[in-house]
Amino acid sequence: PHVDVVSANNYRHTMFERMNEYYDHGGMPILIGEFSWASDYFVRSVMPGEPPGYSREQRMLTKGRAALERVFTHPGVVGYTWYRWVETGLDRKPPFMYGLVHVDDQPNTATIDVLREINARAERIRLGLLKPTEMRP
């Protein structure tokens, strides 16, 4: 009775399932307060059927895109925010880091361009006009 939206952070590709637990319990809209595919879970956990030599970037983007697009279909999720605006310089190796802006104030175009493309699909995925990308290498 004291809030309008629940805020929950997520750094795993099982984001839909996690948000569903919150939604089933409280029945309230959910804003994913922090999301990033630069976490170890996206980078290091090998996907089933992943071919040898799959790069960390390929794994990260495959899992990240699939997780984000799938959560667009959840009826309780109203949006998400990216984890960090400015990288610390101690983050992951370029090109895909936690920050949307590098420490020199230059945009992290590698991440921004992918997010722009995914976000452009969000409304059509939500309306069922597009299927979310599946997580497969």
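Student: Which residues do ring pairs link into a cluster?
Tutor: This is a predicted model, in which local features need pLDDT of at least 70, side-chain atom pairs count only at pLDDT 80 or more, and totals for chains, interfaces and linings use all residues. Residues are numbered from 1 along each chain as its sequence is written, and side-chain values use heavy atoms, without hydrogens or water. Rings of Phe, Tyr and Trp (its six-membered ring) pair if their centres lie within 6.5 Å; planes under 30 degrees apart count as stacked, over 60 as edge-to-face and the rest as tilted. The cluster linked in this way consists of Phe35, Trp37, Tyr41, Phe42, Phe72, Tyr80 and Trp82.

Student: How many aromatic pairs does the structure hold, and what is the geometry of Tyr11 and Tyr83?
Tutor: The structure holds nine aromatic pairs. For Tyr11 and Tyr83, the ring centres are 5.5 Å apart and the planes stand at 85°, so the pair is edge-to-face.

Student: How many residues apart in sequence are the parts that the pair of Tyr11 and Tyr83 ties together?
Tutor: Helices (H or I, at least four residues) and strands (E, at least two) are DSSP runs, numbered from the N terminus. Tyr11 lies in the loop between strand E1 (6-10) and helix H1 (15-26), and Tyr83 in the loop between E3 and strand E4 (84-86), so the parts tied together are apart in sequence by 72 residues.

Student: Is the pair of Phe72 and Tyr80 stacked, edge-to-face or tilted?
Tutor: The ring centres of Phe72 and Tyr80 are 6.3 Å apart. Their planes meet at 35°, so the pair is tilted.

Student: Is Thr62 buried or exposed, and which side chain does a polar contact join to that of Thr62?
Tutor: Thr62 lies in helix H3 (residues 56-71). Its relative accessible area of 15% makes Thr62 buried (buried means under 20%, exposed over 50%, partly exposed in between, with a 1.4 Å probe and protein chains only). A polar contact is a pair of N or O atoms within 3.5 Å; within protein, one must be able to donate a hydrogen and the other to accept it, and residues adjacent in sequence count only if both atoms are side-chain atoms. At 3.1 Å, such a contact joins the side chain of Thr62 to that of Tyr54.

Student: Is Trp85 buried or exposed?
Tutor: Trp85 is found in strand E4. Its relative accessibility is 60%, so Trp85 counts as exposed.
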